[in-house]
2 protein chains.
Amino acid sequence: MITGKNYIGKQRSGKGNVIYKTFNPQLNIENKPIYTEATLEEINKAVTLAANAFKIFRAVSGEQKATFLNAIADEILNLDDELIKVYCSETGLPEGRAKGERGRTVGQLRSFADLVKEGSWVEATIDTSIPDREPIPKADIRKMNIPLGPVVVFGASNFPLAYSTAGGDTAAALAAGCPVIVKSHPMHAGTGELVASAIINAAEKTNMPNGVFSNLNSSGIEVGVQLVKHPDVKAVGFTGSIRAGRALYDLAAKRKEPIPVFAEMGSINPVIMLPNVLKNRSESLAKTYASSITLGTGQFCTNPGLIIGLKGNDLTNFITMLANEIVKIEPSCMLHPNIYGAYESNKAKAIAQPELRVVANYDTDVKENYARQAITTVEGKTFLANTTLHQEVFGPFSMVVQCESIKQMEAIISNLEGQLTGTLIADDEAEKYSNIISALQNRVGRVIYNGVPTGVEVCPSMVHGGPYPASTDSRFTAVGVDSIKRFVRPFSFQDWPNELLPDELKNENPLNITRIVNGKLTNQKV
Amino acid sequence: MITGKNYIGKQRSGKGNVIYKTFNPQLNIENKPIYTEATLEEINKAVTLAANAFKIFRAVSGEQKATFLNAIADEILNLDDELIKVYCSETGLPEGRAKGERGRTVGQLRSFADLVKEGSWVEATIDTSIPDREPIPKADIRKMNIPLGPVVVFGASNFPLAYSTAGGDTAAALAAGCPVIVKSHPMHAGTGELVASAIINAAEKTNMPNGVFSNLNSSGIEVGVQLVKHPDVKAVGFTGSIRAGRALYDLAAKRKEPIPVFAEMGSINPVIMLPNVLKNRSESLAKTYASSITLGTGQFCTNPGLIIGLKGNDLTNFITMLANEIVKIEPSCMLHPNIYGAYESNKAKAIAQPELRVVANYDTDVKENYARQAITTVEGKTFLANTTLHQEVFGPFSMVVQCESIKQMEAIISNLEGQLTGTLIADDEAEKYSNIISALQNRVGRVIYNGVPTGVEVCPSMVHGGPYPASTDSRFTAVGVDSIKRFVRPFSFQDWPNELLPDELKNENPLNITRIVNGKLTNQKV
């Protein structure tokens with residue numbers, strides 16, 4: 001049941017005066033529940049509870065953490081239809097998407113549960129002593145990853161489940177042993193509260209310390225700002241716009257003790273179409289890309305916003321086909337009137353740039369908050385000179401850049417800001433374009449061959465991140481079990497008595513994990 | 001031969017007007033060579049060369065990088081007595097220390113050579129495709145670590161070899177595949193130039209691209225500032241003071257594209273002496289700690305600047321013995337008159353704090369630039385209330401804090417800033433003090449049992465780093481082969497053709513490295 005209150009640890013609390021509602025973009029009306037923004041007192045209480053919980057939670061075993069994470073997954077599934085209904089009412093997204101995203105969220109939680117239950121993720125490394133080494137004896141040193149402390153997670157507008165309350169950031173932080181305080185996204189506060197209740201239930205059922213999780217409502221920026229500034233907060237996970245992500249990064253960097261902010265932000269996801277492809281299979285590519293550009297109303301951070309090809313008849317044909325295909329697709333609803341408004345104004349801003357040509361702009365009447373997809377095209381020279389054209393238009397929008405030469409194509413790629421993905425569409429010709437591939441690799445976190453960038457597989461080999469501004473720290477991924485590394489630090493014990501060591505580092509290897517002992521990977525005891 | 005010029009790639013260049021000399025603190029005179037600070041033009045040229053070199057160097061094989069790193073080690077050894085002489089003339093340190101540090105530097109280079117030659121450090125992770133998965137097929141995704149780009153390394157005053165020109169940061173960055181631009185430390189510009197010449201010779205002999213390494217002279221902060229602001233610089237390694245490290249961090253955080261700064265900064269390295277110990281072996285501990293506090297004239301970042309014990313006769317006896325032992329030790333020379341001056345003024349500032357008692361202060365006449373060691377003591381309450389007492393006094397200085405209770409001891413530890421190390425001195429009593437241990441672990445990067453914090457073993461299990469301000473990013477170590485992780489980012493290939501993949505990710509595993517294939521660690525082919 002939705003109460004509109006915050007979770008300060010396991011306590012529901014709503015002491016504030018700032019209230020707000022969510023919005024149903026399909027019906028174009030406000031939803032009924034009233035949410036109360038967290039007060040400064042509630043924020044501070046949540047962080048203090050988290051700092052206290054950390055003293056216990058940091059030492060909770062991998063097996064217990066796995067039980068907790070699996071219980072969260074179970075409790076989310078127990079929310080059943082209520083969750084799906086509230087999700088749809090707050091996003092305008094269809095039921096199938098809601099269920100798919102729930103499946104992904106549950107899957108993520110379980111994959112982190114498996115990871116910490118198995119236990120080798122701590123990267124235990126042991127170098128035993130050499131007492132008779134000359135000129136000085138060598139000490140026994142043992143290292144493993146330990147959690148950073150309380151983590152603040154910002155809910156994302158476009159993934160109310162998979163990147164929000166119990167999404168990838170929360171799952172990774174809890175798996176690491178870090179308590180989590182979620183700054184709930186105002187557009188889906190109800191979905192957030194339901195998922196928060198699932199986490200709180202799971203925490204109680206599995207005897208986790210009070211404060212291991214809190215959920216704070218917020219209608220604007222103030223709650224987030226207070227959280228990031230709080231000295232007991234030790235890291236931040238964020239998915240959203242470059243402006244907001246950068247503001248949080250700046251705030252965290254200015255603290256007396258700066259803390260890591262892992263913000264996954266904008267991306268236009270360049271797609272390079274090599275010449276043979278455009279000769280051989282423009283039609284199927286046009287269909288595939290019309291579909292990828294409009295998938296989820298274009299509201300994915302991996303949406304292909306930029307297509308780059310060599311100028312000529314083949315590219316012209318492709319552009320025509322893409323334009324024809326995309327207007328065949330029925331427009332769909334955006335997440336919120338504000339997101340719809342931003343789409344229309346960003347699209348208008350792009351279209352207003354000199355020498356940009358609109359080749360498709362869905363012009364039949366559509367329902368309120370439904371996005372009209374658009375395709376534009378521009379000369380390589382113009383694109384290179386005008387960085388306004390490099391900005392993301394969040395929604396079903398893409399731009400085709402027509403390059404004079406491969407050299408110009410390379411220059412365009414090299415001058416792009418950092419991106420999450422880069423796609424190469426090629427027909428047995430890629431070897432000839434090593435400079436293009438090399439330039440692309442230098443600007444992105446993931447390259448895709450003959451596919452589409454939309455669709456982010458949750459698996460250990462996934463990198464969801466990339467050079468700034470795709471993310472604020474390209475050294476980490478936001479998706480996949482390795483995202484746990486964002487929230488841990490290595491820690492060494494020197495000549496520490498075996499009985500006082502954590503199980504992961506004890507001689508007898510009671511957890512039977514894989515460790516590096518004197519340079520060798522092994523499951524054996526020392 | 002020392003020319004006083006910069007290395008802009010392999011070219012010696014000295015176009016500037018700002019000149020300076022190094023100083024021999026033992027003789028208290030300037031050394032003869034004249035160094036020319038790099039100009040803005042030279043700085044920009046070095047970075048541009050590095051960015052161009054990166055296009056080639058990033059794809060150089062692990063085996064070739066190993067050859068390069070080993071050649072650097074060989075060339076450093078070839079400098080032989082000239083290097084040792086110049087080192088001693090610029091630091092006041094004895095020949096034995098110079099040779100020891102050279103051995104460590106060469107050892108570090110060779111350990112990174114071994115790491116990249118073996119190759120598994122890239123953490124190759126492969127998830128093969130499942131074309132018939134429902135509801136959508138699973139793509140083939142493969143991940144590995146790739147280098148960030150040009151790295152700027154700041155030489156450290158107190159380790160002219162091991163943490164400077166060809167020190168740990170440079171070795172880690174080159175091993176990762178990142179070109180390096182060193183901002184030479186002005187106090188040992190001659191040592192820096194000699195080592196730079198060794199790196200340049202090694203680069204030429206092993207056919208590395210021009211620009212893979214540059215060495216820039218600088219007398220003040222300007223060269224460093226320009227380097228950190230340059231858009232083609234992608235990461236920074238620094239060892240030095242909190243003030244300088246924080247300034248660089250702030251500068252990097254304010255860039256349009258913020259970059260990671262790994263700054264290893266100050267630490268007072270708390271040592272906790274539990275009650276039994278003080279009863280049982282105060283005398284030997286006093287000797288051990290008098291020696292650790294004065295080792296290298298106290299100019300180590302792991303110097304034990306803070307000793308914490310329970311107030312009482314046993315602690316009083318220990319303090320007396322420590323005071324007696326430390327004045328028996330002959331004072332030694334500091335690195336530079338400025339460092340000597342800072343030591344004396346920081347010591348005076350600490351001593352001037354109310355309620356601080358000086359129990360030892362070497363008062364016999366000493367030579368110029370020789371540091372007079374000192375021991376002070378203070379009540380727990382006073383220490384807690386006065387954070388000036390928490391500041392590092394870089395040199396042979398330590399403070400003994402006398403706690404009223406174990407609870408106060410825990411509060412003192414919890415209120416410390418982040419530290420590189422924490423030491424526990426205990427006699428079969430540690431289990432009773434789990435709160436103390438837990439508090440200590442939360443503030444440091446490495447704990448030591450019944451030892452001294454000085455002496456940083458270079459091995460895979462070492463963590464040299466810790467919560468801020470011990471370092472700006474506790475998620476990484478500055479020492480040991482894992483320090484390579486500071487300068488790489490994970491990168492994914494999706495459905496990429498086998499022949500276009502880097503060798504590390506090819507089906508046939510031509511490098512025979514250990515990879516995670518579909519969740520299993522293996523050396524097998526896919």
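This is a predicted model: local features need pLDDT of at least 70, side-chain atom pairs count only at pLDDT 80 or more; totals for chains, interfaces and linings use all residues.
Reader: Which residues does A:I72 touch, not counting residues up to four places away in sequence?

Author: A:I72 belongs to the largest nonpolar core, which has 332 residues. Leaving out residues up to four places away, A:I72 touches A:L109, A:A166, A:A198, A:I199 and A:A202.

Reader: Which element supplies the largest share of the side of chain B that touches chain A?

Author: On chain B, 50 residues are in contact with 51 residues of chain A. Elements of chain B that each supply at least two residues include β8 (141–147), α7 (242–254) and β20 (444–449). By class, this side has 24 nonpolar, 13 polar and 13 charged residues. The largest share, six residues, comes from β21(B).

Reader: What is the bridge partner of A:Q494 in β20(B)?

Author: Strand β21 of chain A covers residues 488–494. Three bridges join this strand to β20(B), and the two run parallel. In β20(B), the partner of A:Q494 is B:I448.

Reader: Is B:E404 buried or exposed?

Author: B:E404 lies in the loop between β18 (397–403) and α13 (406–414) of chain B. Beyond its neighbours within four places in sequence, it is in contact with B:K311, B:G380 and B:K381. The C-alpha atoms of B:E404 and B:K311 are separated by 5.9 Å, though the two are 93 residues apart along the chain. B:E404 has 12 other C-beta atoms within 10 Å, and the cut-off is 12 or fewer, so B:E404 is exposed.

Reader: Are α13(B) and α14(B) roughly parallel or roughly antiparallel?

Author: Their contact joins B:I406, B:M409, B:E410, B:I413 and B:S414 to B:N435, B:I436, B:A439, B:L440 and B:R443. The axes are 9 Å apart, at an angle of about 10°. Angles under 35 degrees count as roughly parallel, so α13(B) and α14(B) are roughly parallel.

Reader: Which residues of helix α14 of chain A are buried?

Author: Helix α14 of chain A spans residues 434–443. The cover over its buried residues includes β14 (270–273), α13 (406–414), β19 (419–425) and β20 (444–449) of chain A. The buried residues are A:I436, A:I437, A:A439, A:L440 and A:Q441.

Technical notes. Residues are numbered from 1 along each chain as its sequence is written. Chains are lettered from A and ligands numbered from 1 in the order in which they are written. Two residues are in contact if their C-beta atoms, placed from the backbone, lie within 7 Å. Helices (H or I, at least four residues) and strands (E, at least two) are DSSP runs, numbered from the N terminus. Ala, Val, Leu, Ile, Met, Phe, Trp, Tyr, Cys and Pro count as nonpolar, Asp, Glu, Lys and Arg as charged, and the others, Gly among them, as polar. Two strands pair if DSSP finds at least two bridges between them. A residue is buried if 20 or more other C-beta atoms lie within 10 Å of its own, exposed if 12 or fewer, and partly exposed in between; C-beta atoms are placed from the backbone. A nonpolar core is a set of buried Ala, Val, Leu, Ile, Met, Phe, Trp, Tyr and Cys residues joined through C-beta atoms within 7 Å. Axes are lines fitted to C-alpha atoms, for helices over the stretch in contact, and angles run from 0 to 180 degrees between N-to-C directions. Angles under 35 degrees count as roughly parallel, over 145 as roughly antiparallel, 65 to 115 as roughly perpendicular and the rest as oblique.
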